[in-house]
Amino acid sequence: MENSPATPATPAPLIDVPDFEREAKARMPHMSWEYISGAASDELTLRWNRESYDRLRLRPQVLVDVSHLDTRVTLLGRQHPLPILLAPTAYQRLTHPEGDLATVRGAGAADVTMVSSIFSSHPIEEIAAAATRPLWFQLYVQRDRDLTRELVRRAEAAGCEALVLTVDTPVLGPRNRELRSKFSLPPGVDRANLRGLPNALGAHRSTEGAIFSALLDPSLTWKDVAWLRSITKLPVLLKGILNPADAVRAIETGVAGIIVSNHGARNMDTEPATIDALPEVVAKVDGRVPVLVDGGIRRGTDVLKAIALGATAVLIGRPYLYGLAVDGAAGVTRVVNILRREFEMAMAISGRPTIASLDASVIWR
Ligand SMILES: Cc1cc2nc3c(=O)[nH]c(=O)nc-3n(C[C@H](O)[C@H](O)[C@H](O)COP(=O)(O)O)c2cc1C
């Protein structure tokens with residue numbers, strides 16, 4: 001007699017960010033996967049962004065009343081229920097047909113702020129209309145300063161509460177997996193904020209031989225940061241600071257915040273892990289402006305470690321894209337909620353029930 005067929009296995013639930021990563025990879029077209037997951041050259045910094053978090057050991061403290069956990073932080077005068085924001089990522093329609101609109105809805109349901117990329121797949125006005133939490137706008141100053149001024153005006157009119165100027169990308173880095181996959185923008189994915197302009201479509205990197213991109217201004221200097229500040233009332237944060245001397249210069253230029261970032265390891269390989277760069281930047285900034293950090297955050301314990309080492313908040317990039325790929329807006333919300341839950345567990349088990357109680361003593365030295 002034949003054995004009765006085994007009950008079909010129900011797929012295991014997705015429990016953590018690595019689960020979402022695996023599932024996203026299985027669902028996404030190869031080229032899009034290589035674009036979102038790839039990094040520069042040998043991808044050493046990509047690995048270090050993770051390994052440096054893994055190397056940090058935690059020092060728990062027992063018999064502390066942790067029956068009430070308070071994860072709130074104040075950032076630029078606004079209270080955020082959780083010290084996590086969504087980092088700007090370009091071309092989100094590569095990941096899900098609803099792109100940035102799904103992300104902003106997912107962010108709203110999870111009560112976190114999204115930083116919308118200049119290279120979003122929907123115009124900033126549409127993303128803002130779908131936002132239920134404060135929205136920030138990330139920009140690369142364009143070679144055409146009038147265009148930059150116009151983008152700033154549109155972000156202001158749409159109600160964005162801060163500008164994030166990315167300063168670590170005068171040129172794109174050598175993203176070899178992207179090149180091997182012959183990455184190009186497929187039909188239906190454009191730079192929606194630039195519609196009507198020659199740069200709305202087409203390659204985001206120059207052809208072989210040339211390193212400069214029409215979408216990035218390699219002549220940008222500190223005087224342009226001062227100029228940007230002069231044309232907006234919005235607070236300006238600089239994204240992509242690793243060097244403590246640059247952090248000092250940023251404060252002298254009057255920025256409202258600093259984001260310690262190596263662009264998710266996508267620009268220059270062998271830059272340090274951001275969690276290793278953070279403490280010295282925090283020491284130089286000395287509380288004058290908030291310092292945020294991104295790169296490699298995949299666990300609630302990573303969030304805890306970043307806060308303990310002086311970050312006001314963290315940003316996540318690829319993790320929410322994995323959620324977006326798997327389940328659109330709901331997937332984005334689930335990924336944030338996974339990190340929230342893990343972070344709260346880490347706070348409770350380490351005996352640090354508030355953000356203020358999370359200092360360097362939680363790191364095992
Ligand atoms: C697919 C992708 C697109 C990105 N696009 C942008 C962008 O348009 N502007 C920007 O400032 N940073 C961009 N970044 C960098 C992220 O803002 C962030 O610094 C990085 O993803 C954080 O590392 P993580 O992915 O390990 O969390 C991008 C990152 C990824 C993965």
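**Entry 1: α4 against α12**

I began with the helix pair α4 and α12, which are roughly parallel to each other, the word standing for angles under 35 degrees, while over 145 counts as roughly antiparallel, 65 to 115 as roughly perpendicular and the rest as oblique. The axes of α4 (residues 99–110) and α12 come within 7 Å and cross at roughly 15°; axes are lines fitted to C-alpha atoms, for helices over the stretch in contact, and angles run from 0 to 180 degrees between N-to-C directions. I noted that the crossing is right-handed, that is, the near helix is turned clockwise from the far one by less than a right angle. From α4, the residues A102, T103, R105, G106, A107, A109 and A110 take part, and among their partners in α12 are Y320, G323, L324 and N337, contact being C-beta atoms, placed from the backbone, within 7 Å. I sorted this contact by class into 10 nonpolar, seven polar and one charged residues, with Ala, Val, Leu, Ile, Met, Phe, Trp, Tyr, Cys and Pro as nonpolar, Asp, Glu, Lys and Arg as charged, and the others, Gly among them, as polar.

**Entry 2: basis of the model**

I am working from a predicted model, in which local features need pLDDT of at least 70 and side-chain atom pairs count only at pLDDT 80 or more, whereas totals for chains, interfaces and linings use all residues. Residues are numbered from 1 along each chain as its sequence is written.

**Entry 3: two further partners of α12**

I then looked up α1 (residues 17–27), which packs with α12 at an angle of about 170°, the axes being 10 Å apart. The two are therefore roughly antiparallel. Their contact includes V17 and F20 of α1 and P319 and Y322 of α12, and it has nine nonpolar, one polar and three charged residues.

For α11 (residues 300–308) and α12 (residues 318–350), I found axes that come within 7 Å and cross at roughly 60°, which makes α11 oblique to α12. G300, T301, V303 and L304 are the α11 residues of this contact, which divides into seven nonpolar, three polar and two charged residues.

**Entry 4: ligand and whole chain**

Around the ligand I listed 22 residues, the closest being A87, T166, G264, G317 and R318, where near means a C-beta atom, placed from the backbone, within 6 Å. This shell has eight nonpolar, 11 polar and three charged residues.

The C-alpha trace spans about 65 × 65 × 40 Å along its principal axes.

Conventions
Helices (H or I, at least four residues) and strands (E, at least two) are DSSP runs, numbered from the N terminus. Two residues are in contact if their C-beta atoms, placed from the backbone, lie within 7 Å.
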